Amino acid sequence: MSLSGKTAVITGSNSGIGLGIAWELAKAGADVVLNSFTDRDEDHAIAADIAEKTGVTARYIQADMSKGEECRALIEKAGRCDILMNNAGIQHVAPIEDFPTSKWDAIIAINMSSAFHTTAAALPVMRKSGWGRVINIASAHGLTASPYKSAYITAKHGVVGLTKTVGLETAKEDITCNAICPGYVLTPIIESQIPDQMKAHGMSREQVIGDVMLVRQPSKDFVTVEQVAGTAVFLCSDAAAQITGTTISVDGGWTAL
Ligand code: NAD
C-alpha cells in the first residue's frame, strides 16, 4: 500500500509510539509532520533523519498540545493534513485525594482536549481533498480502569467517546475516525511511571512490571511500538475504509479478561 501524496500530522512524535508511527507512515510513502512542545535541534534532526532514510518530506513543527490555539495552529502550519494521529500524552500516578489539580488539568488538555482541537481544525482540510483518516491513540485504559490513574483514564475514555462521535459525523464521507487502544508498550512514558508505581504500591521495579503492569496483559509481553504503528498504517489502507467510530485493541488480550 502506498500513502504517497498524503500528509500525516502526528502529535507528540519526537519519541515513543508517535515517533514509531511517523517512521512507519513515512516508509509507506506519506509525508510526515512531527510535533512536540519543545523546539530543539534534535527535534528537527529526527525529521531530517526520516526524510533522508525514506525519501519523503518530513518536518518538525513545535506546538504545545496543552493549548487549544496551538493545536489548531499545528494543523494550519502543516498546510495539508490527510492523516491526523492524535498521540501526544502524559501520565501522572497518584491516589485521587492526592492528585494535583495542575496534573489533572494538563492530562485532560494534552491527552483529550488536544484531539478535539486538532480534529476540528483538520476535518475541513480533509473534506477539501475528499479523504481523511483520524486515528486517536487511546489506551486499554480508554476501555478499562486501574487505580491511581484517574485523569489518564478519564481522558482516554473521553478520547474513545470523541472517536465514536467523529466517526458518526464523517460516516458518509471518505473519512474515518478510530482509536487504537494499546496495552503496555515499553516507551519513556511507561519507564517514567515505574518509580511512582513503586512508591504507590510499595513494590520493586520487577514487581511493578510483572505484578502491576503486565498482570492484566495475558500475553505477559509488552506490545511493541512497531505493532501499534502497523495498526495505524492498516487503518490508513483501503481495506479499513469501512472501519470507523470504533476501537482496535492491541493489548495482548488485556480487554478480553
Ligand atoms: P512518550 O512519553 O514516549 O511519548 C509522548 C509524546 O507526547 C512525546 O513525544 C512527548 O514529547 C509528547 N508530548 C507530551 N506533552 C506534550 C505537549 N504538551 N505537547 C505536545 N507533545 C507533547 O510515550 P508513549 O508511550 O509513546 O505515548 C504516546 C501515546 O500512547 C500517549 O497518548 C499514551 O497515553 C499512549 N499509550 C501508551 C501506552 C504505553 O504503554 N506506552 C499504552 C497505551 C497508550
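## Close-up views of a predicted model

**View 1. The crossing of helices α1 and α8.** Helices α1 and α8 cross in a right-handed sense, a crossing being right-handed if the near helix is turned clockwise from the far one by less than a right angle, and left-handed if anticlockwise. The model is a predicted one, in which local features need pLDDT of at least 70 and side-chain atom pairs count only at pLDDT 80 or more, whereas totals for chains, interfaces and linings use all residues. Residues are numbered from 1 along each chain as its sequence is written, and side-chain values use heavy atoms, with hydrogens and water left out. Helices (H or I, at least four residues) and strands (E, at least two) are DSSP runs, numbered from the N terminus. The axes of α1 (residues 16–27) and α8 come within 8 Å and cross at roughly 50 degrees, which makes α1 oblique to α8; here angles under 35 degrees count as roughly parallel, over 145 as roughly antiparallel, 65 to 115 as roughly perpendicular and the rest as oblique. Such axes are lines fitted to C-alpha atoms, for helices over the stretch in contact, and the angles run from 0 to 180 degrees between N-to-C directions. On the α1 side the contact (heavy atoms within 4.5 Å) involves G16, I17, G20, I21, E24 and L25, which meet V225, V228, A229, A232 and V233 of α8. By class, the contact of α1 with α8 comprises eight nonpolar, two polar and one charged residues, where Ala, Val, Leu, Ile, Met, Phe, Trp, Tyr, Cys and Pro count as nonpolar, Asp, Glu, Lys and Arg as charged, and the others, Gly among them, as polar.

**View 2. The packing of helices α3 and α4.** Helix α3 (residues 68–78) packs against helix α4 (residues 101–129) at an angle of about 30 degrees, with the two axes 8 Å apart, and α3 and α4 are therefore roughly parallel to each other. The contact is formed by G68, C71, R72 and I75 from α3, together with S114, F116, H117, T118, A120, A121, A122 and V125 from α4. Divided by class, the residues of this contact between α3 and α4 are seven nonpolar, four polar and one charged. The crossing of α3 and α4 is right-handed.

**View 3. H117 of helix α4.** H117, which lies in helix α4, has a relative accessibility of 19% and therefore counts as buried, given that buried means under 20% relative accessible area, exposed over 50% and partly exposed in between (1.4 Å probe, protein chains only). When residues up to four places away in sequence are not counted, H117 touches G68, C71 and R72.

**View 4. D64 and G79, in the loops on either side of α3.** D64 lies in the loop between β3 (58–62) and α3, and G79 is found in the loop between α3 and β4 (83–86). With a relative accessibility of 17%, D64 counts as buried, whereas G79, at 57%, counts as exposed. Apart from neighbours within four places in sequence, D64 is in contact with F37, E70 and C71. From C-alpha to C-alpha, G79 and S129 are 12 Å apart in space, and they are 50 residues apart in sequence.

**View 5. S36 in strand β2.** S36 is found in strand β2 (residues 31–36) and, at 8% relative accessibility, counts as buried. Leaving aside neighbours within four places in sequence, S36 is in contact with N14, Y60, I61, Q62 and A63.

**View 6. The buried side of helix α7.** In helix α7 (residues 205–213) the buried residues are V208, I209, V212 and M213. These residues cover an arc of only 115 degrees around the axis, which puts them on the same side of α7; the arc is that of the directions from the helix axis to the C-beta atoms. An α-helix has 3.6 residues a turn, so residues three or four places apart point the same way. The cover over the buried residues of α7 includes α6 (188–201).

View 7. Y148 lies in the loop between β5 (132–137) and α5 (150–169), and its phi is near 75 degrees, a positive value in a residue other than glycine. Y148 is partly exposed, with a relative accessible area of 30%. K220, in the loop between α7 and α8 (225–235), has a phi near 60 degrees, likewise a positive value in a residue other than glycine, and at 49% relative accessibility K220 counts as partly exposed.
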